[in-house]
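Please keep the coordinates open beside this note while reading it. The points below are arranged by region and by kind of feature, and each can be checked against the residues it names.

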Amino acid sequence: MLTLLFACTKMDEYRDKYMGNGSIVYPGKMDSVEAFSGKNRAEIRGLFTSDPKITKYKVFWNSRQDSIEVPVTRTSGVDTAKVIIPDLPEGLMSFEIRTYDAHDNISIPVNTSANVYGDLYQSALINRGIANAEMLDDGSALIKWADASSDAGTVSMRIKYTDNTGGAHDTLVLSVLTDMTTTLPAFKSGTSISYQTAYLPNATAIDTFYTAFEVFSVKADVTALYLKNTGPFDRATYDGGRWGTLAAPWVTSANVINHSGYGGYASETWLNAGGFLVMESGWSGTANIVNGKISQTTTLPAGNYIFQVACYTEALDPVYIVAAAGSALPDISGLSGALGYGSFPSSTYVSATVSVKFTLEQEEEVTLGFLATMTSGNQYWRVGSVKLIKN
């Protein structure tokens, strides 16, 4: 009995010292705890569903070396906890949450984690791709977006553009993963869009990341802006039958005008298609043509261009379509110095659409046209129309 009494006395002393009159007090823990990703930060959210005695809670991270304390005023119902943890490094972060009462009794821990995003994630972002952007016949621009994967986090695209009255537009379109198109009404032909893409690193992230704005040219037929007399072609002079000379601004070299003072233009009335831009040699004794040129000069802003022609050829020698810097076309020997050039089909009796691409880094004067040396017998080619496309 003495032994039992002694043991009980020791237990009471331990209980009074360490257990507070016989019980350990644990405040209610935070319920439904979640951690949400952000940009160099995270947000902790949770609920207080019981224990009205809770007066604060603490969030620990970095192996409990860092913490933040948040006071709590409980109500009679369910209360929401929400706190932002700032200045976090990029990567996976773990958090420990504990509640306290007025006597600094501490709850059991609740643990959660979240990915924190920052400069590394931002540096990997690129604008959503554009598969095609071009003008439509109704004057609008149609953007066809490249498909996006479901885990890319693409949220939206912000597009800035100018309409055909000079008005500025700032348009936000929500992202659709596949087969997405956007129409920009009354788009100003020959201009570009500027756009950026918004991303969420994951579905519940609290911060949105944005790419830098990027300029993208809208493919447009700018023929009417920069070229004149583009087909069916107008004539300056006419022999009353078939041949004539081209009206301005086309410039025709003297050796192309080889039909008794006419050349470069033909009516070809049996085609019922108006006037054509032409060169012919050999037929009916007409003189050969060496470095024959038909061209017009214009000033174009910086950009990517396509000079496109609809042609028919019976020529055996090469016929070149040329874009050249400056106010004149080069000779054939100087073609390598042109902005770009292509050639008509080498077969005879062929109709085709031929084009040449070229790029201007700045606004400059450009000459577009045709260059040919025709000395191999009877030769003839014609062009029904020309186009200039800003790509």
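1. Thr313 belongs to strand 23, which covers residues 303–313. Leaving aside neighbours within four places in sequence, Thr313 is in contact with Phe344, Pro345, Ser347, Thr348, Tyr349, Val350, Tyr380 and Trp381. Please bear in mind throughout that this is a predicted model.

2. The largest pocket holds about 220 Å³ of space. Its lining is made up of Glu134, Met135, Leu136, Asp137, Ser189, Lys219, Ala220, Asp221, Gln308, Lys387 and Ile389. Two or more lining residues come from each of strand 8 (130–135), strand 16 (220–221) and strand 28 (379–390). Sorted by class, the lining of this pocket consists of five charged, four nonpolar and two polar residues.

3. A search of the whole structure finds 14 salt bridges, and the one between Lys56 and Asp104 deserves a careful look, with its closest N and O atoms 3.3 Å apart. Lys56 lies in strand 3 (residues 54–61), whereas Asp104 lies in the loop between strand 6 (91–101) and strand 7 (110–116), so the pair ties together parts that are 48 residues apart in sequence. Lys56 is buried, with a relative accessible area of 16%. Lys56 and Asp104 are also linked with Lys58 and Glu69 in a network of salt bridges.

4. Two further salt bridges may be read side by side. Asp79 pairs with Arg74, and the closest N and O atoms of this pair are 2.3 Å apart. Asp79 counts as buried because its relative accessibility of 12% is under 20%, and Arg74 is likewise buried, at 15%. Asp31 forms a salt bridge with Lys29, for which the closest N and O atoms are 3.6 Å apart. Lys29 is partly exposed, with a relative accessible area of 36%.

5. Is Pro201 buried or exposed? Pro201, in the loop between strand 13 and strand 14, is buried, with a relative accessible area of 17%. Not counting residues up to four places away in sequence, Pro201 touches Tyr117, Tyr121, Asp207 and Phe209. The C-alpha atoms of Pro201 and Ala152 are separated by 7.9 Å, although these residues are 49 residues apart along the chain.

6. Ala203 is in the loop between strand 13 (192–199) and strand 14 (209–210), and this residue is exposed, with a relative accessible area of 77%. Ala203 and Asp179 are 24 residues apart along the chain, and their C-alpha atoms are separated by 22 Å.

7. A cis peptide bond joins Gly231 and Pro232, with omega at about -10°, and Pro232 is found in the loop between helix 3 (223–226) and strand 17 (235–238). Another cis peptide bond joins Ala248 and Pro249, where omega is about 10°. Pro249 sits in the loop between strand 18 (243–246) and strand 19 (251–252).

8. Positive phi values complete the list of points. Asp51, which is not a glycine, has a positive phi of about 55°. Asp51 lies in the loop between strand 2 (42–48) and strand 3, and is buried at a relative accessible area of 15%. Ala186 has a positive phi near 50° and is found in the loop between strand 12 (181–184) and strand 13. Ala186 is partly exposed, with a relative accessible area of 31%.

Notes
Residues are numbered from 1 along each chain as its sequence is written. This is a predicted model: local features need pLDDT of at least 70, side-chain atom pairs count only at pLDDT 80 or more; totals for chains, interfaces and linings use all residues. Side-chain values use heavy atoms; hydrogens and water are left out. On a 1 Å grid over the protein atoms alone, a cavity is a set of points where a 1.4 Å probe fits but cannot get out, and a pocket is an open set with protein on both sides within 12 Å along at least five of seven lines; lining residues have an atom within 4 Å of a point. Grid points are joined across faces, edges and corners, and a volume is the space filled by probe spheres set on the points. Helices (H or I, at least four residues) and strands (E, at least two) are DSSP runs, numbered from the N terminus. Ala, Val, Leu, Ile, Met, Phe, Trp, Tyr, Cys and Pro count as nonpolar, Asp, Glu, Lys and Arg as charged, and the others, Gly among them, as polar. A salt bridge is a side-chain nitrogen of Lys or Arg within 4 Å of a carboxyl oxygen of Asp or Glu. Buried means under 20% relative accessible area, exposed over 50%, partly exposed in between (1.4 Å probe, protein chains only). Contact means heavy atoms within 4.5 Å.
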